[in-house]
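The report that follows goes through one structure part by part. Please keep the sequence and the coordinates at hand while reading.

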Protein chains: 2
Amino acid sequence: MLSDDIDGFFARASEIDPEAHLILEYQAEVVGSPRAAAAHLASEQSTAQWRRVGIEEDLRPRFGAKVLELEVLEALPEPSLSVPGVPSGPVSRCRIRIAHPYGNFGPRIPNLLSAVCGEGPFFTPGVPVLKLLDIHFPRSFLEHFQGPRFGVSGLRDLLGVHGRPLFLGVIKPNIGLPPEAFAGIAAEAWRGGLDIAKDDEMLADPEWSPLAERARLLGEACREARVETGEGKLYMANITDEVDRLLELHDAAVAGGAGALLVNALPVGLSAVRMLRKHTKLPLFAHFPMIAASSRVAEFGIHTRVWTRLQRLAGFDAVIMPGFGPRMMMDEDEVRACIQACLEPMGPIAPSLPVPGGSDSAATLESVYRKVGSVDFGFVPGRGVFGHPMGPRAGAASLRQAWEAIAAGVPLAEYAQGRRELAAALEAFGG
Amino acid sequence: MLSDDIDGFFARASEIDPEAHLILEYQAEVVGSPRAAAAHLASEQSTAQWRRVGIEEDLRPRFGAKVLELEVLEALPEPSLSVPGVPSGPVSRCRIRIAHPYGNFGPRIPNLLSAVCGEGPFFTPGVPVLKLLDIHFPRSFLEHFQGPRFGVSGLRDLLGVHGRPLFLGVIKPNIGLPPEAFAGIAAEAWRGGLDIAKDDEMLADPEWSPLAERARLLGEACREARVETGEGKLYMANITDEVDRLLELHDAAVAGGAGALLVNALPVGLSAVRMLRKHTKLPLFAHFPMIAASSRVAEFGIHTRVWTRLQRLAGFDAVIMPGFGPRMMMDEDEVRACIQACLEPMGPIAPSLPVPGGSDSAATLESVYRKVGSVDFGFVPGRGVFGHPMGPRAGAASLRQAWEAIAAGVPLAEYAQGRRELAAALEAFGG
């Protein structure tokens with residue numbers, strides 16, 4: 001681009017209509033002129049060639065994405081990733097804030113993804129290393145989306161659980177148990193105090209555990225546990241499958257007695273989730289397969305906060321995400337950013353319940369609670385409930401006991417005296 | 001895991017049923033024992049807890065993924081990426097070959113993705129850095145998929161083009177032109193010799209260029225160009241949109257006169273593409289937004305070859321991919337691996353036409369042809385046709401002239417004498 005051409009992709013914030021633009025925050029490692037690279041980043045994601053040959057026209061004023069801010073953070077000796085074909089020249093790390101006119105494609109998730117993290121941004125000349133850090137939507141865009149049906153308060157009302165985290169458990173063994181045995185251990189966990197027993201994200205509708213039968217048996221066990229305990233209880237069925245089976249599988253799960261549904265957001269596709277949201281009357285829980293592959297590298301890819309916002313937008317009532325602690329390989333600030341993306345105001349879109357998970361148990365509950373900083377989260381052990389040395393009923397009870405201790409301000413070890421379930425959990429998982 | 005537990009996730013190739021297993025090739029940077037890390041990698045993607053508490057059972061023989069080969073390639077001073085929470089210990093780079101019993105989930109793309117590149121692999125203890133390098137499917141798995149309807153030979157028959165690459169062009173300006181003007185420049189390109197004029201991957205169904213109207217105008221222009229030139233011609237409409245609009249938009253595009261369809265594979269979701277494949281009678285072309293975000297880092301994520309195989313499996317007749325040259329930031333061997341993944345035998349699944357692209361023109365055709373090593377590819381300039389200094393008709397003509405020169409073994413510069421279109425292309429794009 002010539003210098004004049006570059007200017008056409010810059011604007012002041014006061015010059016753009018905030019209701020007509022998404023705001024995108026990128027971190028980029030650029031080779032050569034940061035100003036030229038930023039202009040290319042805006043151009044490649046919008047009108048890359050803005051006039052026909054031989055015709056005086058300029059499509060940029062309406063259709064061009066515009067650089068609002070360009071901040072050079074530091075000079076680098078070389079790009080932090082080895083990327084083929086990178087030209088030689090000075091390298092700088094920059095923050096680039098772009099206003100993207102969403103009228104280029106409309107309020108549609110696949111087209112949004114294609115523009116803001118597609119070929120354009122990731123093949124921008126002079127930008128070998130790029131991360132989409134955040135995205136902000138104007139109300140006019142958000143109003144086209146339903147968002148979560150239940151959200152945090154709706155989930156609480158459904159279960160009748162207030163003032164404490166929701167206790168979920170991933171039924172384990174996750175793969176290989178026939179439905180009857182699977183229902184048996186879920187029933188134990190509900191009796192012990194679990195709110196929601198859920199399928200693993202890898203267990204959906206295989207021949208050896210057909211979803212319809214599993215939902216029927218777990219739905220029945222769940223109803224019995226509700227009657228027995230007088231508490232709200234849900235079975236969360238994983239309906240992750242081919243897109244053209246989603247609604248059918250949904251209906252089978254609901255008919256069987258599932259009270260919530262798990263969908264692997266990226267494998268199924270966020271757009272298919274949006275479709276499902278229009279169809280279902282149950283809460284939708286997101287699981288996170290594939291997200292790490294595009295987000296774990298600090299300097300490159302798509303930030304987990306972006307994926308969290310998009311899952312909320314697509315209509316998930318809860319977002320299961322990699323949580324605190326070394327097991328999940330996430331920086332604590334990044335987990336907090338995802339939790340915040342679930343809960344903070346988002347125009348007309350209700351909050352999603354954050355469910356930060358990863359090798360949790362009664363021994364980690366207090367730490368997770370302190371780090372989240374509120375009771376508005378889901379806590380989702382697997383082995384911490386179903387691998388408890390005294391079994392799943394004791395595993396679930398150990399969570400409730402741990403919360404009683406936290407709520408009462410009593411040290412866990414002290415509260416565990418005379419409470420065998422909690423004592424055994426601390427011994428097995430407290431390492 | 002204890003040492004005995006680890007053994008349960010290893011097997012010899014002769015001990016597994018090849019028709020019941022996917023073969024997965026990973027490169028991993030492991031901390032601590034490579035053998036323990038490889039066992040965890042197999043465990044986490046299958047039956048992570050393989051027995052109930054208090055019950056003597058072992059779900060691993062049937063449901064456990066098994067490490068077939070573990071090769072330690074080199075010791076590393078530290079993992080090549082900075083990943084939070086990584087324990088201290090010796091670091092090694094390993095190749096790990098795993099047999100995964102696909103009966104755990106069945107012949108379904110979302111569940112496949114959830115298992116082989118989901119939470120399990122990317123959150124395996126001791127494996128902070130992982131890349132899924134390749135995946136091989138047994139015939140019994142492939143037989144559940146339709147794959148491409150046309151494939152390479154079907155596309156050639158449809159266009160009547162044999163013995164040379166197919167010439168595609170991305171109509172530019174890509175974003176912002178109303179349908180009538182858009183059709184005008186496409187018509188010029190067809191008259192100049194283009195086989196397929198296509199929508200940009202970011203242009204779908206916006207208010208300022210409704211797909212139904214665009215398809216009608218471009219379909220009409222395409223029919224006229226067919227009559228005028230006596231050649232096969234296609235308009236490729238981009239129907240990328242929300243999943244629940246895909247079929248409706250497909251039908252509108254077909255009714256208008258589209259002869260091929262473009263779908264942004266990952267933004268829409270591979271499973272939705274599989275659904276579309278069941279519905280359509282037209283060739284489907286894949287575009288690659290979002291793939292770079294999970295594949296560009298050499299040591300981490302999901303290799304482009306895997307994405308290519310999955311696009312072919314989902315039913316794409318052609319796969320547009322980042323091609324040769326510095327513009328697309330791909331190693332040449334990686335481009336070749338993707339081309340091979342399109343064309344090599346894949347049980348009952350027909351080949352997909354590889355379309356390696358990136359700032360191409362008459363000036364790059366010979367180099368791309370030599371690198372592909374065959375005529376079985378699509379060549380897809382944007383500006384090289386629509387930014388040609390004499391206009392799109394000359395841009396398209398320059399491609400055909402360049403191919404005549406290559407086919408005749410005449411140097412391009414020599415052949416350009418007296419051929420203004422080619423001469424102008426070489427001057428404008430020849431660098």
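Helices (H or I, at least four residues) and strands (E, at least two) are DSSP runs numbered from the N terminus, and two strands pair if DSSP finds at least two bridges between them. S1(B) also pairs with strand S4 (residues 129–136) of chain B, again antiparallel, over 7 bridges, and in S4(B) the bridge partner of B:Ala28 is B:Leu130. Of the 11 residues of S1(B), 8 are buried, so this strand is largely enclosed by the rest of the structure; a residue is buried if 20 or more other C-beta atoms lie within 10 Å of its own, exposed if 12 or fewer, and partly exposed in between, with C-beta atoms placed from the backbone.

## Basis of the description

This is a predicted model, in which local features need pLDDT of at least 70 and side-chain atom pairs count only at pLDDT 80 or more, while totals for chains, interfaces and linings use all residues. Residues are numbered from 1 along each chain as its sequence is written, and chains are lettered from A and ligands numbered from 1 in the order in which they are written.

## The parallel sheet of chain B

Chain B has an open sheet of 8 strands in the order S12-S11-S9-S8-S7-S6-S5-S13, with parallel pairing. Strand S12 (353–357) and strand S13 (378–379) of chain B stand at the edges with a single partner strand each, so one side of each has no neighbour in the sheet.

Helix H15 (residues 332–343) of chain B lies across S11 and S12 of chain B and runs at about 160° to S12(B), where axes are lines fitted to C-alpha atoms, for helices over the stretch in contact, and angles run from 0 to 180 degrees between N-to-C directions.

## Domains of chain A

The domain assignment of chain A gives domain 1 (3–142) and domain 2 (151–429); such bounds come from an automatic or database domain assignment. Taken over C-alpha atoms, the centres of the two domains of chain A are separated by 37 Å. Contact between them involves 16 residues of domain 1 and 17 residues of domain 2 of chain A, two residues being in contact if their C-beta atoms, placed from the backbone, lie within 7 Å.

On the side of domain 1 of chain A that touches domain 2, at least two residues each are supplied by strand S1 (21–31), helix H4 (109–116), strand S4 (129–136) and helix H6 (139–142) of chain A. S4(A) gives the most to this side, with 7 residues. By class, this side of domain 1 of chain A has 10 nonpolar, 2 polar and 4 charged residues; Ala, Val, Leu, Ile, Met, Phe, Trp, Tyr, Cys and Pro count as nonpolar, Asp, Glu, Lys and Arg as charged, and the others, Gly among them, as polar.

## Contact between the chains

The contact takes 86 residues from chain A and 86 residues from chain B. Among the elements that give two or more residues to the side of chain A that touches chain B are helix H3 (60–63), helix H12 (270–279) and strand S10 (301–302) of chain A, whereas H4(A) gives the most, with 6 residues. The residues on this side of chain A divide into 46 nonpolar, 24 polar and 16 charged.

## Backbone features in loops

Most residues other than glycine have a negative phi, and most peptide bonds are trans. The peptide bond from A:Lys172 to A:Pro173 is cis, with omega near 5°, and A:Pro173 lies in the loop between strand S5 (166–170) and helix H8 (179–192) of chain A. In chain B, a cis peptide bond joins B:Lys172 and B:Pro173, with omega about 5°.

A:Met329 is not a glycine, yet has a positive phi of about 60°; A:Met329 is found in the loop between strand S11 (318–322) and helix H15 (332–343) of chain A and is buried, with 21 other C-beta atoms within 10 Å. B:Met290 has a positive phi near 80°, lies in the loop between strand S9 (284–287) and helix H13 (291–295) of chain B, and is buried, with 25 other C-beta atoms within 10 Å.
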